[in-house]
Amino acid sequence: MKQHALAVAVVAIGVAASVQAQSAADGIAKYREMLQDGNPAELYEAKGEGLWKQKRGPKNASLEQCDLGKGPGVIKGAFVELPRFFKDTGRVQDLESRVVTCMETLQGFNAAEISKTPFGRGEMANVTALATYIATESKGMRFNLPQTTSQEKAMFEAGKRAFFMRGGTHDFSCASCHGEDGKRIRLQDLPNLTKNPGDGIGFAAWPAYRVSNGQMWSMQLRLNDCYRQMRWPEPKFGSDVTIALSVYMGVNAKGAESAVPAIKR
Amino acid sequence: MKKSFAWTLLPLTALVLTACSTGPSPADYDKMAADMTKASFQERGIAKLSRLDQDQANAACAQADVSGKPLDDKVTKAIEEANMKTIKWPSDGKFLGDWKQGETIAQSGRGLTWSDNAQTTNGGNCYNCHQISKEEISFGTLGPSLYNYGKLRGVTDPNSAASKAIVEYTWGKLYNARAYNACSQMPRAGHMGILNEQQLQHVMALLLDPKSPVNQ
């Protein structure tokens, strides 16, 4: 399948090392292009597809009847309309928290237990694989989050406020890094998330495979690590702040094409 | 929905219920966001929940960002004055330390995250946002370039009377940037205990010492 992924990584390190010699931006663009050649996210996608169809959990059931917002079992197009309001839970949910709901209602898993599990472990690793599979089925489609219910509108407004809230030892907010066009941290380009940052950028790029640590990162983990670097306390998995932020970013990204699963440095 | 989630439906439900007739106001959304924040975070390692507390400056600046209306002059002045009062000047009267150690501090982005511990030596995170020395090409652009910082400001002898104003301003800016710009995005390195006095002296030397690579 992806035997050349390692070779690509090795070459990519070589490219990264020689960046000094040429224009930094050119070097990075080349590096990213080479990464696109082999994306190990495919492995997580395949794992997720298996988990979706497999009978598991105390109820020995598959997830094939899970309603991701477009009716039971409809996967295609679901990702680009999430987060959205779900009547059965009375909540606005993102992809990952919705998957966990289905794992509880259909398969009998304990949702609270899963939500407390560290990323990359146990059932949380399965949630990430499932999210990768489901999101990949919408690859190339354009974001179009519903803003029809009062709950969805409220989450957008709350998400906007969460985005600009400053805190932690460094007074950072999401907007400190993602509030303007054309900015960088070190050599890393930063998308402006207060508007549509473009196809496959920002909200339209996660879940993504991260080459630097060899992990598949879901949006929940992406946000979790943002808050770590912001020196804030830790956001709980599936908490309202994380979902409100996703609504804010997702609505802003209306019309952006999903590149998920992306591959990142 | 047998097993209840630790998810917080309350603020949202309450908001939606009270909002039927007129629709929620911006103040309702403010409260919702504040309640949500309280319920959504947990302490981890050295990152305690007190880090969510909003001081006057952070609360006012965030509100200005959300509404798109800049702070009025009175609030701006009050924030800058309050932050000015926090500035502690060097206890030994020395503003400049060793630029080489300053470069190490400017390079380091370590410290104060939940994956650090209390013993971690904090970095200044300076290169994340600023160009500083010309040799380091991996620099961020969130803040202005600081290359030739002292030279451009005519600092040939940091101890001279002619340099006093810019030296003091630079110390104050590093110590608490909000004393000079109410809603500055720059961390308050001294005020928030990110860098200690000695580290600040080293970063000062990186910026202002005529021998520093910054000023070549």
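Visitor: Which residues in α4(A) are buried?
Guide: L95(A), E96(A), S97(A), R98(A), V99(A), V100(A), T101(A), C102(A), M103(A) and E104(A). Buried means 20 or more other C-beta atoms, placed from the backbone, within 10 Å of the residue's own. This is a predicted model, where local features need pLDDT of at least 70, side-chain atom pairs count only at pLDDT 80 or more, and totals for chains, interfaces and linings use all residues. Residues are numbered from 1 along each chain as its sequence is written, and chains are lettered from A in the order in which they are written.

Visitor: Why is α4 of chain A largely enclosed?
Guide: Because 10 of the 11 residues of this helix, 95-105, are buried. Helices are DSSP runs of H or I, at least four residues, and strands are runs of E, at least two.

Visitor: What covers them?
Guide: The cover of the buried residues of α4(A) includes β1 (84-86), β2 (91-93), α5, α6 (122-136), α9 and α10 of chain A.

Visitor: Switching to the interface, how many residues of chain A are in contact with chain B?
Guide: 48 of chain A, with 51 of chain B; contact means C-beta atoms, placed from the backbone, within 7 Å. α7(A) gives the largest share of the chain A side, 9 residues.

Key: Contact = placed C-beta atoms within 7 Å. Buried ≥ 20, exposed ≤ 12 C-beta atoms within 10 Å, placed from the backbone.
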